[in-house]
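Let's take a walk through this structure together. Have the sequence and the 3D view open as you read.

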Amino acid sequence: MKLAVIWLRRAMFLMGLTVLLAACGKEGPTFQSLDITGNKEFAQDFALQDPQGKTRTLADYKGKAVVMFFGYTHCPDVCPTTMAELNQVMQKLGPDAQNVQVLFVTVDPQRDTAELMGQYVPAFNPAFVGLRPADDAALKQVTKSFRVVVNKVEGSTPTNYTIDHTAGIYVFDPKGQLRLFMRPDEPVDAMAQDLKTLLS
(Lines give C-alpha, C1' and ligand atoms only; values in the text may rest on other atoms or scores of the structure.)
Protein backbone atom coordinates (compact mmCIF):
# COMPACT_ATOMS: atom_id res chain seq x y z
CA MET A 1 0.00 0.00 0.00
CA LYS A 2 2.81 2.42 0.95
CA LEU A 3 4.58 1.64 -2.32
CA ALA A 4 1.41 2.41 -4.28
CA VAL A 5 1.01 5.75 -2.50
CA ILE A 6 4.66 6.68 -3.15
CA TRP A 7 4.29 5.69 -6.80
CA LEU A 8 1.09 7.72 -7.11
CA ARG A 9 2.68 10.80 -5.53
CA ARG A 10 5.70 10.54 -7.80
CA ALA A 11 3.44 10.31 -10.87
CA MET A 12 1.47 13.35 -9.67
CA PHE A 13 4.70 15.31 -9.15
CA LEU A 14 5.97 14.48 -12.63
CA MET A 15 2.63 15.38 -14.19
CA GLY A 16 2.57 18.69 -12.31
CA LEU A 17 6.11 19.45 -13.43
CA THR A 18 5.18 18.73 -17.06
CA VAL A 19 2.17 21.02 -16.78
CA LEU A 20 4.16 23.84 -15.18
CA LEU A 21 6.90 23.69 -17.79
CA ALA A 22 4.36 23.69 -20.61
CA ALA A 23 2.63 26.72 -19.12
CA CYS A 24 5.75 28.91 -19.06
CA GLY A 25 5.72 31.93 -21.33
CA LYS A 26 1.97 31.89 -22.09
CA GLU A 27 -0.05 35.04 -22.59
CA GLY A 28 -3.70 35.43 -21.79
CA PRO A 29 -5.93 35.37 -18.70
CA THR A 30 -4.42 34.55 -15.32
CA PHE A 31 -5.82 31.50 -13.54
CA GLN A 32 -5.32 30.26 -9.99
CA SER A 33 -5.40 26.65 -11.25
CA LEU A 34 -2.70 25.19 -13.50
CA ASP A 35 -3.08 26.59 -17.00
CA ILE A 36 -2.52 23.73 -19.47
CA THR A 37 -3.72 25.56 -22.57
CA GLY A 38 -2.00 24.09 -25.61
CA ASN A 39 -0.45 21.19 -23.66
CA LYS A 40 -0.48 18.12 -25.92
CA GLU A 41 0.31 15.69 -23.08
CA PHE A 42 -3.39 15.23 -22.40
CA ALA A 43 -6.29 14.01 -24.53
CA GLN A 44 -8.42 16.65 -26.21
CA ASP A 45 -11.60 14.55 -26.29
CA PHE A 46 -13.23 11.41 -24.91
CA ALA A 47 -15.86 8.79 -25.78
CA LEU A 48 -17.70 7.53 -22.69
CA GLN A 49 -21.15 6.16 -21.92
CA ASP A 50 -23.79 8.02 -19.93
CA PRO A 51 -26.24 6.20 -17.59
CA GLN A 52 -28.62 5.65 -20.53
CA GLY A 53 -25.88 3.86 -22.49
CA LYS A 54 -25.40 6.66 -25.02
CA THR A 55 -21.81 7.43 -26.03
CA ARG A 56 -20.91 10.99 -25.11
CA THR A 57 -18.04 13.08 -26.46
CA LEU A 58 -16.94 16.64 -25.83
CA ALA A 59 -19.09 17.77 -28.78
CA ASP A 60 -22.22 16.93 -26.75
CA TYR A 61 -21.38 19.75 -24.37
CA LYS A 62 -20.32 22.37 -26.92
CA GLY A 63 -20.91 25.90 -25.69
CA LYS A 64 -20.34 24.95 -22.05
CA ALA A 65 -17.24 24.81 -19.91
CA VAL A 66 -16.73 21.13 -19.08
CA VAL A 67 -15.39 20.15 -15.66
CA MET A 68 -14.19 16.53 -15.75
CA PHE A 69 -13.29 14.60 -12.59
CA PHE A 70 -12.09 10.98 -12.41
CA GLY A 71 -13.16 8.92 -9.40
CA TYR A 72 -15.37 6.02 -8.32
CA THR A 73 -18.54 5.64 -6.27
CA HIS A 74 -16.99 3.44 -3.56
CA CYS A 75 -14.28 6.02 -2.90
CA PRO A 76 -14.27 6.74 0.86
CA ASP A 77 -12.91 10.27 0.90
CA VAL A 78 -11.58 12.45 -1.93
CA CYS A 79 -14.28 11.62 -4.52
CA PRO A 80 -17.40 12.49 -2.53
CA THR A 81 -15.62 15.49 -0.99
CA THR A 82 -14.63 16.80 -4.42
CA MET A 83 -18.11 16.28 -5.85
CA ALA A 84 -19.62 18.18 -2.90
CA GLU A 85 -17.11 20.99 -3.47
CA LEU A 86 -17.98 21.13 -7.18
CA ASN A 87 -21.62 21.55 -6.18
CA GLN A 88 -20.54 24.49 -4.00
CA VAL A 89 -18.70 25.93 -7.01
CA MET A 90 -21.92 25.74 -9.02
CA GLN A 91 -23.75 27.62 -6.26
CA LYS A 92 -21.04 30.32 -6.30
CA LEU A 93 -21.42 30.71 -10.07
CA GLY A 94 -25.11 31.54 -9.80
CA PRO A 95 -26.69 31.95 -13.27
CA ASP A 96 -23.32 31.15 -14.91
CA ALA A 97 -23.66 27.56 -13.62
CA GLN A 98 -26.00 26.78 -16.53
CA ASN A 99 -22.99 27.26 -18.82
CA VAL A 100 -20.91 24.64 -16.99
CA GLN A 101 -21.20 20.85 -17.25
CA VAL A 102 -19.64 18.73 -14.50
CA LEU A 103 -18.76 15.17 -15.55
CA PHE A 104 -17.81 12.42 -13.11
CA VAL A 105 -15.85 9.69 -14.91
CA THR A 106 -15.54 6.38 -13.08
CA VAL A 107 -12.26 4.50 -12.94
CA ASP A 108 -14.16 1.48 -11.57
CA PRO A 109 -16.70 0.44 -14.24
CA GLN A 110 -16.69 -3.10 -12.83
CA ARG A 111 -18.72 -1.95 -9.82
CA ASP A 112 -20.00 1.40 -11.09
CA THR A 113 -22.86 0.22 -13.26
CA ALA A 114 -24.89 2.59 -15.40
CA GLU A 115 -27.72 2.40 -12.86
CA LEU A 116 -25.43 3.24 -9.94
CA MET A 117 -23.84 6.13 -11.84
CA GLY A 118 -27.31 7.45 -12.64
CA GLN A 119 -28.11 7.58 -8.92
CA TYR A 120 -24.78 8.54 -7.32
CA VAL A 121 -23.68 11.49 -9.46
CA PRO A 122 -26.95 13.51 -9.60
CA ALA A 123 -27.24 13.14 -5.82
CA PHE A 124 -24.55 15.84 -5.55
CA ASN A 125 -26.24 18.07 -8.14
CA PRO A 126 -29.06 17.15 -10.55
CA ALA A 127 -27.14 18.72 -13.45
CA PHE A 128 -24.03 16.58 -12.92
CA VAL A 129 -23.56 13.64 -15.31
CA GLY A 130 -21.81 10.34 -14.62
CA LEU A 131 -19.85 8.73 -17.45
CA ARG A 132 -18.25 5.31 -17.64
CA PRO A 133 -15.90 3.49 -20.02
CA ALA A 134 -17.69 0.79 -22.02
CA ASP A 135 -15.10 -1.87 -21.11
CA ASP A 136 -11.58 -2.40 -19.72
CA ALA A 137 -9.98 -1.36 -23.00
CA ALA A 138 -11.90 1.92 -22.97
CA LEU A 139 -10.90 2.44 -19.32
CA LYS A 140 -7.23 1.99 -20.15
CA GLN A 141 -7.51 4.30 -23.13
CA VAL A 142 -9.19 7.20 -21.31
CA THR A 143 -7.00 7.00 -18.20
CA LYS A 144 -3.83 6.78 -20.28
CA SER A 145 -4.84 9.63 -22.56
CA PHE A 146 -5.58 11.92 -19.62
CA ARG A 147 -2.52 10.64 -17.72
CA VAL A 148 -4.66 9.41 -14.85
CA VAL A 149 -2.83 6.92 -12.65
CA VAL A 150 -5.06 4.06 -11.48
CA ASN A 151 -3.88 1.40 -9.04
CA LYS A 152 -6.28 -1.23 -7.68
CA VAL A 153 -5.63 -2.20 -4.05
CA GLU A 154 -7.02 -5.65 -3.26
CA GLY A 155 -9.31 -6.00 -0.24
CA SER A 156 -10.60 -8.86 1.88
CA THR A 157 -12.89 -10.10 -0.92
CA PRO A 158 -12.79 -9.80 -4.74
CA THR A 159 -15.36 -6.97 -4.67
CA ASN A 160 -14.03 -5.24 -1.55
CA TYR A 161 -11.16 -3.20 -2.95
CA THR A 162 -10.07 0.40 -3.17
CA ILE A 163 -8.45 2.31 -6.04
CA ASP A 164 -5.59 4.75 -5.74
CA HIS A 165 -6.04 7.26 -8.54
CA THR A 166 -5.00 10.69 -9.73
CA ALA A 167 -7.40 13.13 -8.13
CA GLY A 168 -7.38 15.91 -10.68
CA ILE A 169 -10.04 17.99 -12.39
CA TYR A 170 -9.72 18.78 -16.09
CA VAL A 171 -11.49 21.86 -17.43
CA PHE A 172 -12.39 22.50 -21.07
CA ASP A 173 -13.54 25.95 -22.20
CA PRO A 174 -16.85 26.48 -24.08
CA LYS A 175 -15.00 26.06 -27.40
CA GLY A 176 -13.87 22.56 -26.40
CA GLN A 177 -10.23 23.40 -25.68
CA LEU A 178 -8.54 21.86 -22.65
CA ARG A 179 -7.47 24.79 -20.47
CA LEU A 180 -7.06 23.97 -16.78
CA PHE A 181 -5.97 21.29 -14.33
CA MET A 182 -7.51 21.86 -10.91
CA ARG A 183 -6.56 20.12 -7.69
CA PRO A 184 -9.41 18.96 -5.42
CA ASP A 185 -7.86 20.84 -2.48
CA GLU A 186 -8.16 24.20 -4.24
CA PRO A 187 -10.52 26.69 -2.54
CA VAL A 188 -14.06 26.70 -3.88
CA ASP A 189 -13.85 30.45 -4.50
CA ALA A 190 -10.71 30.00 -6.62
CA MET A 191 -12.36 27.30 -8.76
CA ALA A 192 -15.45 29.46 -9.24
CA GLN A 193 -13.36 32.47 -10.23
CA ASP A 194 -11.37 30.46 -12.79
CA LEU A 195 -14.59 29.19 -14.34
CA LYS A 196 -15.99 32.72 -14.48
CA THR A 197 -12.82 33.80 -16.27
CA LEU A 198 -13.20 30.96 -18.80
CA LEU A 199 -16.82 31.90 -19.44
CA SER A 200 -16.14 35.61 -19.86
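This is a predicted model: local features need pLDDT of at least 70, side-chain atom pairs count only at pLDDT 80 or more; totals for chains, interfaces and linings use all residues.

Residues are numbered from 1 along each chain as its sequence is written, and side-chain values use heavy atoms, with hydrogens and water left out.

Let's start with helix H5, residues 188-199. Helices (H or I, at least four residues) and strands (E, at least two) are DSSP runs, numbered from the N terminus. The expected span of a helix is 1.5 Å times one less than its number of residues. With 12 residues, H5 should therefore span 16 Å, and its end C-alpha atoms are 17 Å apart, which agrees.

Which residues of H5 are buried? They are Val188, Ala190, Met191, Ala192, Asp194, Leu195 and Leu198. Buried here means under 20% relative accessible area, with exposed over 50% and partly exposed in between (1.4 Å probe, protein chains only). An α-helix has 3.6 residues a turn, so residues three or four places apart point the same way. The buried residues of H5 pack against several elements, among them strand S4 (65-71), strand S9 (169-172) and strand S10 (178-182).

Now to those strands. Two strands pair if DSSP finds at least two bridges between them. S4 and S9 run antiparallel, joined by 4 bridges, and Val67 stands opposite Val171 in S9. S9 is also joined to S10 by 4 bridges, again antiparallel, with Phe172 partnered by Leu178 of S10. The hairpin of S9 and S10 has 5 residues between the strands, and there Gly176 takes a positive phi near 90°. In S9, Ile169 and Val171 point one way while Tyr170 and Phe172 point the other way, yet all are buried.

Back in S4 you'll find Phe70, which is buried with a relative accessible area of 0%. Phe70 and Tyr170 are 100 residues apart along the chain, but their C-alpha atoms are separated by 8.9 Å. Beyond its neighbours within four places in sequence, Phe70 is in contact (heavy atoms within 4.5 Å) with residues including Val105, Phe146, His165 and Tyr170.

Last stop: Asp108, in the loop between S5 and helix H3 (114-120). Is Asp108 buried or exposed? Asp108 is buried, at a relative accessible area of 3%. Its side chain joins that of Arg111 through a polar contact of 2.7 Å. A polar contact is a pair of N or O atoms within 3.5 Å; within protein, one must be able to donate a hydrogen and the other to accept it, and residues adjacent in sequence count only if both atoms are side-chain atoms.
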